[in-house]
Amino acid sequence: MNHSNKNKEVFGESFLLESAKAENLYSGFAKNMPIIDYHNHLEPDVISNNRNFRSPTAIWLDGDHYKWRAMRNFGIHEEFISGNASDTEKFRKWAEAVPYTLRNPLFHWTHLELKNPFGITEYLSSKNADSVYHQMNESLQTNTFLPQSIIQNFKVETLCTTDDPADDLAFHKALKNSDFKTAVLPAFRPDAYITIIDPQQYLLNIKKLENTAEVQIHSVSDLLNVLQSRINYFAECGAKVADHGFEYFPDTTKWNLELENEFSEFLKGNKPTFSNTEALCGYLLKELCKMYHEKGWVQQFHVGATRNNNSEMLRKIGINTGYDAIGEQYFAQKMSVLLDELNSSGQLTKTIIYNLNPAFNEVLASLAGNFNEAGIKSKVQFGAAWWFLDQLDGMKKQMNTLSNIGLISTFVGMLTDSRSQLSFSRHDYFRRLICNMFGSEMERGLLPDDEEWVGKIIQDICYHNTKNYFEL
């Protein structure tokens with residue numbers, strides 16, 4: 001079989017852009033817009049300390065459970081994934097798997113991340129693994145590839161990390177007082193304090209919160225008072241966002257005095273378990289939502305996952321290691337009850353709903369449209385395709401659903417939801433896709449043949465809507 005040279009190099013400038021209109025929209029409007037990444041899992045200490053990454057494996061493979069799942073699917077031994085193999089051995093095993101990720105989004109993401117910022121334009125495989133590793137490693141030891149430099153390379157204007165309420169936010173403070181131009185803001189993630197999965201672990205979490213707040217927590221009102229103090233502290237440090245992840249969306253109407261007394265006994269160590277964890281979660285969530293509204297924050301709800309499915313691997317290597325899946329629980333009615341109650345009392349803040357089960361796309365897109373407010377464009381947002389749906393097909397479905405049921409023109413666009421600084425390339429992936437979607441419909445006469453008009457809406461989706469929605 002004869003391969004031309006161009007087939008040996010990764011995606012060119014017209015990648016995903018299937019028409020002249022799409023190319024014009026991308027190059028003229030989307031390509032050079034700054035990035036606001038309002039939900040990711042980057043480590044603020046890594047950004048603040050601004051030290052060179054030890055190796056390509058450290059920046060690219062460590063903790064990346066997307067890549068880990070693919071490697072497991074390919075039959076690679078866990079030693080080379082989360083185990084004790086060397087950085088070079090782990091990289092070689094990943095390179096061995098990459099050619100077999102065809103049609104998985106990892107194939108695109110991997111090569112986009114090699115191309116920008118490393119300038120590597122060949123397909124990765126076991127044949128060139130060592131040379132690619134060497135080239136990446138040489139780059140990573142230079143000042144151009146310090147964590148802050150990588151973020152600046154991607155034109156990131158603002159990013160929001162995901163932070164425990166007990167965090168002292170020292171690194172966010174240091175960044176704010178530094179000359180680093182990208183705003184690195186904390187985001188409040190209280191899941192560990194409102195959801196009881198393991199009773200003993202929950203009490204350890206409460207102890208950590210007590211130590212930070214220097215207050216004992218013996219009741220639900222004590223807990224809410226401490227969480228309010230932490231929200232105040234996060235706001236002082238620049239936070240504008242709260243974030244919640246739910247395996248199930250809790251019933252927010254079941255809390256009562258009997259449960260309140262039982263919870264106090266549990267906190268004091270007089271009961272080994274608590275009988276109604278859903279009622280507790282729902283009550284705390286509702287009260288927190290009121291606090292977010294008072295601060296003018298945006299609240300984010302991630303729904304539709306089922307986590308830690310492999311109990312053996314949970315025991316061996318812990319959470320967030322690639323053993324989660326799409327859930328099947330129906331939750332829209334409970335969410336509607338909460339949104340309605342908050343709206344009725346004038347305490348509903350801006351809300352983004354991220355859905356992991358595509359069967360509920362239309363359900364949640366239509367639910368979001370029930371709670372709007374004059375002066376705010378799409379106050380409740382049907383958020384970007386998330387996690388397993390964060391790929392071309394999933395993103396198209398999310399945006400088509402939003403277009404059909406709401407207004408895609410007011411959409412707050414893309415985010416990385418990633419632990420890797422190289423994942424900012426997903427914004428370019430999203431921008432190419434949306435330009436292709438709009439450009440294709442312009443070519444077919446379904447949208448106006450007016451690049452200025454359509455291009456302005458694309459710029460809004462890529463940047464301006466986000467900046468306005470989060471009041472950055």
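**View 1. Arg426 and the rings of Tyr66 and Trp109.** Arg426 is placed over the face of Tyr66, 5.2 Å from the ring centre. The charged end of Arg426 also sits over the ring of Trp109, at 3.9 Å from its centre. A charge sits over a ring if NZ of Lys or CZ of Arg is within 6 Å of the ring centre and within 35 degrees of the ring normal. The model is predicted: local features need pLDDT of at least 70 and side-chain atom pairs pLDDT 80 or more, while totals for chains, interfaces and linings use all residues. Residues are numbered from 1 along each chain as its sequence is written, and side-chain values use heavy atoms, without hydrogens and water.

**View 2. The aromatic pair Phe91 and Tyr133.** This pair is edge-to-face, with 5.1 Å centre to centre and 75 degrees between the planes (ring centres of Phe, Tyr or the six-membered ring of Trp within 6.5 Å; planes under 30 degrees apart stacked, over 60 edge-to-face, the rest tilted). Phe91 and Tyr133 are both buried (under 20% relative accessible area, 1.4 Å probe, protein chains only).

**View 3. The aromatic pair Phe118 and Phe145.** The ring centres lie 5.0 Å apart with planes at 20 degrees, so Phe118 and Phe145 are stacked. Phe118 has a relative accessible area of 7% and is buried; Phe145, at 8%, is likewise buried.

**View 4. An aromatic cluster.** Tyr202, Trp255, Phe263, Phe266, Phe274 and Tyr283 are linked into a cluster by ring pairs. The whole structure holds 33 aromatic pairs.

Terms used:
Buried means under 20% relative accessible area, exposed over 50%, partly exposed in between (1.4 Å probe, protein chains only).
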